[in-house]
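Work through the exercises below with the sequence and the model in view. Try each task before reading its solution.

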Amino acid sequence: MSRPDADDHEVAAAVAQEAGRVLLALRADRPDLDGRDLKDAGDRAAHVHILDLLARLRPEDAVLSEEGADDHRRLDARRVWIVDPLDGTREFSERPRDDWAVHVALWEDGALAAGAVALPARDVVHRMDRPVPLPPRPDEDGPVRLAVSRSRPPDFVVALAALLGAELVPMGSAGVKAMAVLDGTVDAYVHGGGQYEWDSAAPVAVALGHGLAPTRLDGSPLVYNRPDPWLPDLVLARPEVLAEVRSALEETTA
Ligand SMILES: Nc1ncnc2c1ncn2[C@@H]1O[C@H](COP(=O)(O)O)[C@@H](OP(=O)(O)O)[C@H]1O
């Protein structure tokens, strides 16, 4: 387990990984839980574990968690951990799906400073400080592959895919979709219509660490730790397809 003298990247990765272990154990040890009960138990168990770890490792810092009451002292804090204890809650409850994640990001003085996305069922932790080269596209002239929500694909992303001649690749969890860009499974993740800061903070931190340039749909920067954590859209694309995606977006949203 991480120690208080570990750096912020280590803490982010260790906390995400540890919460992932708690979630895996819950799924394995409680076959009596499913559906809403398993979702709620997962959200709660991971949230409590993360808060406990951060209280021990970073007692001075504020926390913004999907599962906690919003403590507005974070707005005056220099350092805020932005966490989604269980992203892809629906998929977590559908054993044996593996497209769910734990998000742990650190916002410091106006920017994302550390971040980790754990994919516990795949035994992987993606880190901002450990960039991995993007694998080449399998077919550089092939259609753009776009990650999209499997349960509620936004209409405009379906329209965007039609305009691009893109292939939609459905999967759960914002973290899984963003990491699918980094591991080469897809070329881009475009989302609109609703999300909160905890859905994108850690994936965006990891993507920034990998040299990518995630933005809002209109190309403006993603800004975190605002009074209202609603941050409804995101574009993350590998460099080869970014201009094409951007120009199709301009047409779709015009
Ligand atoms: N329109 C919307 N409004 C609010 N949250 C949304 C949303 N679409 C997706 N999300 C959130 O983004 C995460 C990924 O969703 P999806 O897999 O459908 O893309 C989910 O987080 P949680 O699982 O943490 O609730 C989901 O709640």
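**Exercise 1.** In which sense do strand β6 and strand β7 pair, and over how many bridges?

*Solution.* Start with the source: this is a predicted model, in which local features need pLDDT of at least 70, side-chain atom pairs count only at pLDDT 80 or more, and totals for chains, interfaces and linings use all residues. Residues are numbered from 1 along each chain as its sequence is written.

Step 1. Find the elements: helices (H or I, at least four residues) and strands (E, at least two) are DSSP runs, numbered from the N terminus. Two strands pair if DSSP finds at least two bridges between them.

Step 2. β6 covers residues 145-149 and β7 residues 167-171; they pair in the parallel sense, over five bridges.

Step 3. Check single positions. Arg 145 has Glu 167 in β7 as its bridge partner, and Leu 146 stands opposite Leu 168 in β7.

Step 4. From β6 the chain passes through helix α4 (residues 155-164) to β7, a right-handed β-α-β crossover. Right-handed means that, with the strands pointing away from the viewer, the path from the first strand over the helix to the second runs clockwise.

**Exercise 2.** Where does the ligand lie relative to the two domains?

*Solution.* Step 1. The domain assignment gives domain 1 (8-127) and domain 2 (145-253); such bounds come from an automatic or database assignment.

Step 1. Both domains give residues to the shell around the ligand, so the ligand lies between them.

Step 2. Of the 15 residues around the ligand, Asp 87, Thr 89, Ser 149, Ala 174 and Gly 194 come nearest; a residue is near if its C-beta atom, placed from the backbone, lies within 6 Å.

Step 3. The shell has one nonpolar, nine polar and five charged residues. Here Ala, Val, Leu, Ile, Met, Phe, Trp, Tyr, Cys and Pro count as nonpolar, Asp, Glu, Lys and Arg as charged, and the others, Gly among them, as polar.
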